[in-house]
Amino acid sequence: MLKRIVGSTMIAAVVIFLLPSAVQAEVGDPTLQTDHPVYAGEGAFQEIEDCVTFATRGASTPQDKAIAMFQWILQHQYHLHSPQEWGATDHAPDVAQPQNELIPYDANIARFSYGYGLCGTVHAWNEPYWRALGFEPRRRAFPGHTNSEIRYDGGWHAYDTDMAGLVFRKDGVVAGYEDIAKDHSLVRHSHPPTPCYPFAWPSDFKSMQGGWSVIAKQGADKWHRLYSTGYAAQPGVVHLRSGESFTRWFDRDHFGGMEKRRFWHGDPKNAGGPFRDWTFVNTGHASHPATMDRQAYRGDASYCNAEFVFTPDLGADSYREGVVEQTANLAAGGSPKLKSRDGQPASIVFSHCSPYVIAGDPVDDKNPMGGKATDGVVMTGQAIGQLGVEVSTDQGLSWKPAGNLSGEFRLDLTEQLKGRHDWRIRLGMKGDSGLNAVTFATTCQMNQAMYPQLQADGSQVTYRCASRGVVAVRPNFARSEATIAQVEAVALRSKNMVFKGSQVLRDMAYQTTDNKPGVVVFQVDSPGMLRQVTAAANFKVRSPTPSGTDFKLEVSTDGGKSWRPLGKAELPTDNDYSNGWMYGSADVSDADVRSALVKVQVYQGGYSTGLFDVRLYGLYQTNVPQATIVSFGWKEGAQSKTHTEQIPAGAETHTFTVPTGKAIVNDFVRIEAQ
């Protein structure tokens with residue numbers, strides 16, 4: 001077991017044990033894939049490579065694959081204000097005061113939680129998809145807009161998923177900036193059957209045509225090229241513990257209408273949460289009809305809710321599946337079911353982690369970020385005596401008091417935890433106080449295009465379980481250097497790398513003191529045997545990029561004795577972006593360890609540089625999956641229908657048919673760990 005000494009407002013200095021992977025009935029990484037031709041669910045879209053495989057099936061040439069990927073993106077992503085999340089500082093996100101530095105540029109987070117953003121954001125998200133296809137991507141400046149280009153067949157080609165536009169050369173090849181600058185007449189309304197600025201009634205097309213005209217007059221070289229602006233790191237993995245259910249509600253009004261909607265990223269001018277009525281999302285196609293039929297683009301896209309309800313059985317050893325840490329003097333059994341063995345202060349830490357962002361019901365029905373929100377994370381249960389509650393939003397590096405529990409309790413922690421992907425909740429007890437029962441209900445915002453939709457006339461579903469869990473390391477660099485040292489291997493930091501801390505946006509957390517390569521190393525500790533490590537780091541770079549830059553990630557499973565590649569930033573000298581993201585993933589299952597080190601190296605060719613942010617994740621082995629129940633709910637006319645499937649213990653794959661009728665509306669899908 002690993003152990004560390006922590007300070008607490010409830011416990012002065014106690015030994016806390018990181019518990020091993022738990023005991024009986026967990027279900028690690030369950031996914032569902034339906035036979036829907038477009039919206040098959042996370043079983044088809046869990047990783048970037050899965051999306052690319054699904055989107056480009058049947059395509060052969062590089063351009064065929066690029067267009068197929070372009071159309072898949074149009075079906076799963078729409079134009080709206082860009083989401084924001086908590087970053088590496090204490091700066092609070094607020095849709096009423098958007099900050100570019102708080103936009104999540106992780107394509108995995110975008111795919112699971114949002115599916116919408118402004119032009120610069122979505123084209124950054126698209127980069128990992130293009131890279132998975134083997135194409136070099138970059139964003140490009142455009143008058144009043146941000147576009148993108150990808151490189152294949154020896155040339156650059158512009159793919160604008162924000163405005164749903166492609167421009168074709170006369171030989172049928174998708175044009176790039178250089179092509180259009182030479183021949184502006186290529187910009188047209190339509191090019192059936194592929195979209196070429198279909199949103200053209202008429203202002204959108206005119207603005208794009210005018211923008212290309214400016215580029216043609218000024219020359220393509222005048223418009224900035226931005227590399228390494230998006231990444232993929234957050235694993236799309238859900239880990240259910242004994243007594244936990246995971247329900248996705250397709251209708252955002254499930255909780256009781258517009259006034260009860262729960263979302264994270266809203267609109268300060270309009271009530272009800274994210275919504276777009278001009279999009280290919282939910283249309284089932286992404287092609288341009290021969291006539292300008294506006295209904296072809298009326299997808300009416302919004303969001304879903306993902307709800308986790310965890311009720312651990314405190315009378316059984318399986319409760320440990322939801323526990324990250326507990327003090328050595330915590331006793332289980334009897335009454336109260338959890339209590340201090342010796343009357344001295346004792347504590348237990350429960351946790352939650354998912355790729356879905358925690359939401360809430362905004363009091364003003366518009367802005368859960370800047371205003372008060374409720375019903376995002378709620379604790380209910382029964383306490384004996386009085387228990388103290390603390391919450392951590394940085395994976396246990398720091399803690400904040402969140403109230404006290406006594407008797408039959410209901411504690412709403414939405415304000416403390418909204419906008420996060422994970423939480424830790426610590427309960428402290430002493431004397432005769434203790435805990436008899438507890439339930440944690442966590443409601444998240446979900447990208448509607450990730451819901452595993454059913455088909456009419458019978459729908460086939462494939463359940464898979466990969467037996468994996470996720471541990472996250474996302475330091476808040478506004479904390480002290482001593483606090484960050486809990487996840488940094490300080491002895492391996494290079495002498496020229498100084499911790500600065502991030503008190504305001506765009507502060508560098510670490511900075512080199514000279515013009516040589518700087519190194520900082522972080523530690524990923526896991527409750528089970530590590531199978532994979534994913535990581536991303538945001539660094540500072542000069543514009544244009546100096547030659548000889550070397551920004552890279554490496555991983556070690558032997559305490560730093562040896563290193564293997566994890567990720568690298570590819571930055572051509574024509575890069576005009578002042579920072580970038582490097583990211584990558586490595587299989588470490590052969591090492592048979594529960595801890596790994598991730599080395600971040602920053603070097604920009606003889607100039608000082610620094611590090612803004614890091615996102616690290618360990619995917620670890622969970623126990624053999626136990627029996628699981630999968631339920632699909634749908635509506636046929638005014639009648640609600642449900643199909644329940646028993647998944648046997650140990651099943652890694654299970655296929656079944658949901659007996660849908662002729663005309664259906666998706667309602668819910670639930671996975672329950674028994």
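Predicted model: local features only at pLDDT ≥ 70, side-chain atom pairs only at ≥ 80, totals over all residues.
**Around G87**
- Setting aside neighbours within four places in sequence, G87 is in contact with L102 and R615.
- I103 is 16 residues away from G87 along the chain, and the C-alpha atoms of the two are 8.4 Å apart.

**Where α3 meets α5**
- Helix α3 (residues 62-76) and helix α5 (residues 119-132) have axes that come within 11 Å and cross at roughly 145 degrees.
- The crossing of α3 with α5 is right-handed.
- On the α3 side, the contact is made by A66, M69, F70, W72 and I73, while α5 brings N126, Y129 and W130.
- Sorted by type, the residues of this contact are 7 nonpolar and 1 polar, with no charged ones.

**Helix α7, two faces**
- Helix α7 (residues 203-218) has 16 residues, so at 1.5 Å a residue it should span 22 Å; its end C-alpha atoms are 23 Å apart, which agrees.
- F205, M208, G211, W212 and I215 are the buried residues of α7.
- Viewed down the axis of α7, these buried residues fall within an arc of 130 degrees, so they line one face of the helix.
- Packing partners for the buried residues of α7 are β7 (136-142), β8 (145-152), β9 (155-158) and α6 (177-182).
- K206 and K217 are exposed, on the face of α7 turned away from its buried side.
- Just after α7 comes G219, with a positive phi of about 100 degrees.

**Cis peptide bonds**
- S335 and P336 are linked by a cis peptide bond with omega near -5 degrees, and P336 lies in the loop between β15 (330-332) and β16 (338-340).
- Another cis peptide bond joins S543 to P544, with omega about -5 degrees; P544 belongs to the loop between β30 (530-540) and β31 (552-556).

**Positive phi at two aspartates**
- D29, in the loop between β3 (27-28) and β4 (30-34), has a positive phi near 65 degrees although it is not a glycine.
- D29 counts as buried because its relative accessibility is 2%, and the limit is under 20%.
- D153, in the loop between β8 and β9, is likewise not a glycine and has a positive phi of about 50 degrees.
- D153 is exposed, since its relative accessible area of 61% is over 50%.

Definitions and conventions: Residues numbered from 1 in each chain as written. Heavy atoms only, no water. Contact = heavy atoms within 4.5 Å. Axes fitted to C-alpha atoms, helices over the stretch in contact; angles between N-to-C directions. Helix = DSSP H or I, 4+ residues; strand = E, 2+ residues; numbered from the N terminus. Left-handed = near helix turned anticlockwise from the far one by under 90°. Nonpolar A, V, L, I, M, F, W, Y, C, P; charged D, E, K, R; others polar. Expected span 1.5 Å × (residues − 1). Buried < 20%, exposed > 50% of the residue type's maximum accessible area, 1.4 Å probe, protein only. Arc of directions from axis to C-beta.
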